[in-house]
Amino acid sequence: MYLGIDLGTSELKLLLLSGDLHVLDSVGEPLQVQRPQPLWAEQAPADWWQALQRAVHTLRQRQPEAWAQVQGIGLSGQMHGAVVLGADMQPLRPAMLWNDGRSAAQCDALLQAVPDLLTRCGNLAMPGFTAPKLLWLRDHEPALFAQITRVLLPKDHLRLQLTGDAFSDPSDASGTLWLNPATRDWDDTLLAATGLARCHMPRLVDGSAVSGQLRPALLADWGLRGPVWVAGGAGDNAASAVGIGAVAPGQGFISLGTSGVLFVVTDKFRPNPAQAVHAFCHTLPQRWHQMTVMLSAASALAWLQLLLGAADATSLMAPLEASLAGVAHAGVHPDAATAPIFLPYLSGERTPHNDVHARGCFFGLAAAHGAQALTHAVLEGVAFGMAQGLQALRDAGSPVQRLGLVGGGARSAYWAQLHADVLQVPIDTLDGGTAGGALGAARLAALACGRSEAEVCTAPAVQRCFEPRAALAGLLQQRLALFSALYPRLKDLHLPQAGA
């Protein structure tokens, strides 16, 4: 058996993969984000470990015989977070997360300190990345900064507790701004610009390689026979790619989770920082990927659900989903042409704007607009953001012909069809597409235990294919043009930041 551990922002998930590489079971434990000040987003690393222990207990209770046969563990996790450790290898403060936006000034300072930063790492300095967070700590918490002996990414802090060893993998490390993705190694100049050196960094190992063994004390506590190998693992999106078999150049997917991601595998390092495209290492050897990121995707729908007092997203979207079967409207909800335009920048935006101060809005609200019009607008606004990301990938030299759809948003046929119509590419929903990084992590565990990539990294069966509908192309292109025109006109208009 192989265990995948996926440390997300809102949930820690465990997935048990059988010896014949089928998903046997999975469990999740919720996590909360603390926002003590505007732009801040933090979590206590101790909460991650406690959630892991609870999830292990649940999975062990449900699958006692399978659990006892776990041979390998893989890790997937939210990227860019900063876990800073002192001399005792304990966290000095709460972790600063990927969606923490407090370090915009430090991004400017980093570019001034390293004028050739784009050449060295191929990515823009963004507040979400790890290096600017450490500059913020140096500027605002200097006494604490002086105590730092090690900096780890979130999943790698879990690994430290599992194995006692400090390792990371190239896919996750690419999101720090300390790694040169072309060489797949730390960059000493970038480290020095943030007051750090290689001694502060974990060692690097490919995601499919062994990074250590489960500690003897945990073997006893968890009722496992040793050795249990722990794989290098991956950042959440690279792990999701492994989970759906996106391991060869040209393969890609859309992920609709808390954030929205468009991911394409490449055969070499292909940066496009001008449009805020992320060019990172893949977690597998000698492969890379390009990625565009929206900071709010399914989280925008969750926000609307709470705002409207809906019981859940399913009930909120039920009339839209039903319209797909309606012959009279050819599967188009009546609000499609008249709904307001929604800018989904509830937490700022990365691709293509790189603007932590960007804010969301509904444009064109009228008294006639109800809950369904607003729901359609939110779903459409996310799809429009993905369309801008797709254009950025194409400008960077990545042809995209077909995309899988994964994450929680993949449960919605309406949203899948809307993406196909807006992006004008076929969209496939996949068996196990909601398993995300946990399945990829378990597959990496299997690879670390000696299984072959051809055997493990297969593509799942297609549940349903959504073809673009030519009849809607004109309408959606008009609305996309309006969506694209709004941000440049509004970006210099700022309200005070909302409360923490």
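Where does Pro352 lie? Pro352 sits in the loop between strand S20 (341–343) and strand S21 (361–363), where helices (H or I, at least four residues) and strands (E, at least two) are DSSP runs, numbered from the N terminus. Before I go on, let me say that this is a predicted model, in which local features need pLDDT of at least 70 and side-chain atom pairs count only at pLDDT 80 or more, while totals for chains, interfaces and linings use all residues. Residues are numbered from 1 along each chain as its sequence is written, and side-chain values use heavy atoms, with hydrogens and water left out.

Let me stay with the backbone for a moment. The peptide bond that leads from Thr351 to Pro352 is cis, with omega near 0°, and another cis bond joins Gly226 and Pro227, with omega about -5°. Pro227 is placed in the loop between helix H10 (216–222) and strand S14 (229–231). Most residues other than glycine have a negative phi, and most peptide bonds are trans. Asn354, also in the loop between S20 and S21, has a positive phi near 50°, and Leu39, in the loop between strand S3 (23–30) and strand S4 (42–43), has a positive phi of about 80° although it is not a glycine. As to exposure, buried means under 20% relative accessible area, exposed over 50%, and partly exposed in between, with a 1.4 Å probe and protein chains only. On that scale Asn354 is partly exposed at 27%, and Leu39 is partly exposed at 25%.

Now to helix H18. This helix has 18 residues and reaches 26 Å from its first C-alpha to its last, close to the 26 Å expected at 1.5 Å a residue, the expected span being 1.5 Å times one less than the number of residues. Its buried residues include Leu476, Arg479, Leu480, Phe483, Leu486 and Tyr487. They cover an arc of only 115° around the axis, which puts them on the same side of H18; the arc is that of the directions from the helix axis to the C-beta atoms. The face turned away from that buried side carries the exposed residues Gln478 and Arg489. Among the elements that cover the buried residues of H18 are S20, S21, helix H14 (371–395) and helix H15 (413–423).

Take Leu476 as an example from that helix, which spans residues 473–490. Leu476 is buried, with a relative accessible area of 6%, and, not counting residues up to four places away in sequence, it touches Glu380, Phe384, Asp421 and Val422, contact meaning heavy atoms within 4.5 Å. The C-alpha atoms of Leu476 and Ala336 are separated by 8.9 Å, although these residues are 140 apart along the chain.

What is the size of the largest nonpolar core? The largest one has 89 residues, and those with the most contacts inside it are Leu14, Leu52, Leu134, Trp178 and Trp222; such a core is a set of buried Ala, Val, Leu, Ile, Met, Phe, Trp, Tyr and Cys residues joined through side-chain atoms within 4.5 Å. Helix H1 (residues 45–62) gives the most to this core, with 7 residues. Apart from it lies another core, of 53 residues, among them Leu379, Leu476, Leu480 and Phe483.

Finally, charges. The structure holds 22 salt bridges, each a side-chain nitrogen of Lys or Arg within 4 Å of a carboxyl oxygen of Asp or Glu. In one of them the side chains of Asp169 and Lys155 meet at 2.9 Å, N to O. Asp169 lies in the loop between strand S9 (167–168) and helix H8 (170–173) and Lys155 in helix H7 (residues 154–163), so the pair ties together parts that are 14 residues apart in sequence. Lys155 also meets Asp172 in a salt bridge, at 3.0 Å, N to O. Here Lys155 is in H7 and Asp172 in H8, so this pair ties together parts 17 residues apart in sequence. Lys155 is buried, with a relative accessible area of 0%, and Asp172 is likewise buried, at 0%.

By contrast, Lys133, in helix H5 (residues 130–140), is buried yet has no salt bridge, and the nearest side chain of opposite charge, Asp100, is 5.9 Å away; Lys and Arg count as positive and Asp and Glu as negative, while His and the chain ends are not counted.
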